[in-house]
Number of protein chains: 2
Amino acid sequence: MLGRVADCQLSGDRVFVYYRIAGTEAEACEKARIIAVEQTVEFPADLIPPGLIHEKVIGRIESIQKTDRGGYLAGISYSVEITAFELTQLLNVVFGNSSIKPGIRVEGIEMPESLLGRFEGPRFGRSGLRNLLGIPGRPLLCTALKPMGLSSGALADLAYTFAANGIDIIKDDHGLTDQCFAGYRERVESCSEAVLRANKETGGKAIYMPNITGPVDDILPRARLARNAGAGGLLIAPGLVGFDAVRRIAGDDSIGMPVFSHPALQGSFVVSPDSGISHGVLFGLLPRLCGADATIYPNVGGRFSFSADECREITAHTGTAFGHIRSIFPCPGGGMDIGRVPEMLDIYGRDVIFLIGGGLFSRGPDLAENCRFFHRLAETYPV
Amino acid sequence: MLGRVADCQLSGDRVFVYYRIAGTEAEACEKARIIAVEQTVEFPADLIPPGLIHEKVIGRIESIQKTDRGGYLAGISYSVEITAFELTQLLNVVFGNSSIKPGIRVEGIEMPESLLGRFEGPRFGRSGLRNLLGIPGRPLLCTALKPMGLSSGALADLAYTFAANGIDIIKDDHGLTDQCFAGYRERVESCSEAVLRANKETGGKAIYMPNITGPVDDILPRARLARNAGAGGLLIAPGLVGFDAVRRIAGDDSIGMPVFSHPALQGSFVVSPDSGISHGVLFGLLPRLCGADATIYPNVGGRFSFSADECREITAHTGTAFGHIRSIFPCPGGGMDIGRVPEMLDIYGRDVIFLIGGGLFSRGPDLAENCRFFHRLAETYPV
């Protein structure tokens, strides 16, 4: 019933995906076989004539081994051509339909150069961001403008205080978009001006980073407005706009600013230990592949539930060898307080961005002094 | 330390979100209080001066009640203005950061007219799609072009056979994008022509529906190419491109074709019973809000794991009263075979689209006869 298969030449290059599969060895082998079909032809394999589709389109089980975290790790490889060299289709091949089946977790992705080379990756990365901010060695310091409900002027006043007192990166809270409280244009112009004014006074290089997460047709215009207003970076949440929108913005030469990814709406991929996508792939590999220069995620011990090992796994993916793709900063945050900085230095080392939001206010009544205290702590890191 | 709050006038309209929270009543109350802050100001509430932010920005707990599915259902309302009337920010308010916390599941969303009115919703919906296809009463029939690896000509031959033998909607498999096997332009032109030719011969109104899921800058051009080639609808996966991209395409008057949403990469939201987003909200309410005319999801008893109740919940959300937003078709699929059509008629009634892919091939060697058998089954539905 099926007609001609295509006669295109395939390179032989393959994408490897590692799935942790719950169950016994026999169950894991059977599930791996199903994944290899589900993620590719989605068709009864016994109805497909011998030839190219069996040999080159259906996924190939490369390895199955027991893991010490329960279940089995199956390595399945796919012809690189089935990704169409598109990020969206790569994500679909990795986990599209299989995401709907419980007991399957994506633990790793390895790409051939023919695919990785299609991605520009981060424009700045760790060293580029250090150069931009003029900070060669110490951890970087980041905070968020909030709470929502403040006027643009009040947010700009906060931005000035942060920038004038040693905070390197002042980002919008990720819930600030274009609300009536502080509309996008007014807020971005006010806060950009405030940070530039503080820099002029201190000789510093702090940057303001507005949140451009928004309707599809507004993302690029908001990024351009930020650029023209004198902002120094962009915040975007791939869980809300799609990973490919991050790639699009990060790769735009007319924008050319650092991009930080935010984890909003991505939690469901990691809350179940046996399903979804691993912390390292979701918050490390994927944002880096898309060109984010830093990845924001909840730190261990804050008000979220990530473990120290999960945070280390993310950090490892931000810095490990990844073809031509630059290493990026882990940016752990979420319910941190200043007192935990020494412990975090121990986990992350110096190549980290400390994100402290509300905690910067709760240390004491003098916000400027709290910022300076935070800055001094980061300066004391022994390089 | 905090400056002026904004002086914008708020309408008093509120968005209600229902969260099922695991744990005891005391734990659920505490978690609800945390959600109301996390999803809005993300700031220590005791550091915020009395006034607008407490009264109008922080979420308000409206109800907490025990559920028979375990845990407690908390109703939390938010000022509509904090959504900025943007779909992306609405999703962020509903579940952005709280998605990262286990034991919280979104079970329902209710919007005031001031927000719902910003959404056009489906262009066709159930009655519009029935009119377009000329099918007033019976269930609609859908199949997918696959397996990947066939040439455009072979896929077009399949499309012709399907359209000529009683299949109403012939969609791309969601893994077909722009691979070398059957590139987007060639495939869409060939398959559109094949279905139009079949229609000319039969007097029918079958439609071909290519998959436009792809890089952000290619989605709209691919939709336009489909329109110009004579395709009759579009397939798109919000889990890969973001829900707002679906809204953008469905609302584009220059395209004006039915849009079907596909569940790829969305499974992680539903695989854990106590976390994520309910089946009804994820596969019913949200695609409908974005303007999809039908929502594809795995049917009970197929190769995925949805229960009959979960499928009924999705179906309910496709048709229940929802302001001016048209009702849409549930399109259950995934590993179905023809023999299950009578059982599905029992669950879904006539307002359903049966999606049968590989199963259409496995019934017997004559694909045309399999299609006609499938068509006769749908025709026998007692209206």
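Predicted model: local features only at pLDDT ≥ 70, side-chain atom pairs only at ≥ 80, totals over all residues.
Residues are numbered from 1 along each chain as its sequence is written, chains are lettered from A in the order in which they are written, and side-chain values use heavy atoms, with hydrogens and water left out.

**View 1. The interface of chain A and chain B.** Contact, defined as heavy atoms within 4.5 Å, links 86 residues of chain A with 86 residues of chain B. The area buried between the two chains is about 7500 Å², and carbon and sulfur atoms give 65% of that area; buried area here is the accessible area (1.4 Å probe) that two parts lose on being put together, summed over both. M1(A), I100(A) and L265(A) supply 10% of the area that chain A buries against chain B, which is more than any other three residues. Across this interface there are 26 residue pairs in polar contact, with both residues at pLDDT 80 or more. A polar contact is a pair of N or O atoms within 3.5 Å; within protein, one must be able to donate a hydrogen and the other to accept it, and residues adjacent in sequence count only if both atoms are side-chain atoms. Helix 3 of chain A gives the most to the side of chain A that touches chain B, with five residues; helices and strands are DSSP runs numbered from the N terminus, the helices (H or I) having at least four residues and the strands (E) at least two.

**View 2. Salt bridges that cross between the chains.** Six salt bridges are found across the interface of chain A and chain B, where a salt bridge is a side-chain nitrogen of Lys or Arg within 4 Å of a carboxyl oxygen of Asp or Glu. The side chains of K146(B) and E42(A) meet in a salt bridge at 3.8 Å, N to O, and this pair runs from the loop between strand 5 (140–145) and helix 6 (152–164) of chain B to the loop between helix 1 (25–38) and helix 2 of chain A. K146(B) is buried, with a relative accessible area of 5%, and E42(A) counts as buried at 12%; buried means under 20% relative accessible area, exposed over 50%, and partly exposed in between (1.4 Å probe, protein chains only). A salt bridge also joins E42(B) and K146(A), at 3.7 Å, N to O. In a further pair, E86(A) forms a salt bridge with R222(B), the closest N and O atoms being 2.6 Å apart, and both residues are buried.

**View 3. A salt bridge within chain B.** D168(B) and R138(B) form a salt bridge whose closest N and O atoms are 2.9 Å apart. D168(B) lies in the loop between helix 6 and strand 6 (169–172) and R138(B) in the loop between helix 5 (125–133) and strand 5, so the pair ties together parts of chain B that are 30 residues apart in sequence.

**View 4. An open sheet in chain A.** The four strands of this sheet follow the order 8-9-11-12, with parallel pairing, and two strands pair if DSSP finds at least two bridges between them. Strand 8 (234–236) and strand 12 (329–333) stand at the edges, each with a single partner strand, so one side of each is left without a neighbour in the sheet. The twist averages 25° from one strand to the next. Strand 9 (residues 259–261) and strand 11 (residues 294–298) of chain A pair over two bridges, and the bridge partner of F260(A) in strand 11 is A294(A). Helix 10 (residues 243–250) of chain A lies across strand 8 and strand 9, running at about 165° to strand 8; axes are lines fitted to C-alpha atoms, for helices over the stretch in contact, and angles run from 0 to 180 degrees between N-to-C directions.

View 5. Most residues other than glycine have a negative phi, and most peptide bonds are trans. The peptide bond from K146(A) to P147(A) is cis, with omega near 0°, and the bond from K146(B) to P147(B) is likewise cis. L265(A) has a positive phi of about 65° although it is not a glycine, and at 7% relative accessibility L265(A) counts as buried. F85(B), which has a positive phi near 60°, counts as partly exposed at 23% relative accessibility.
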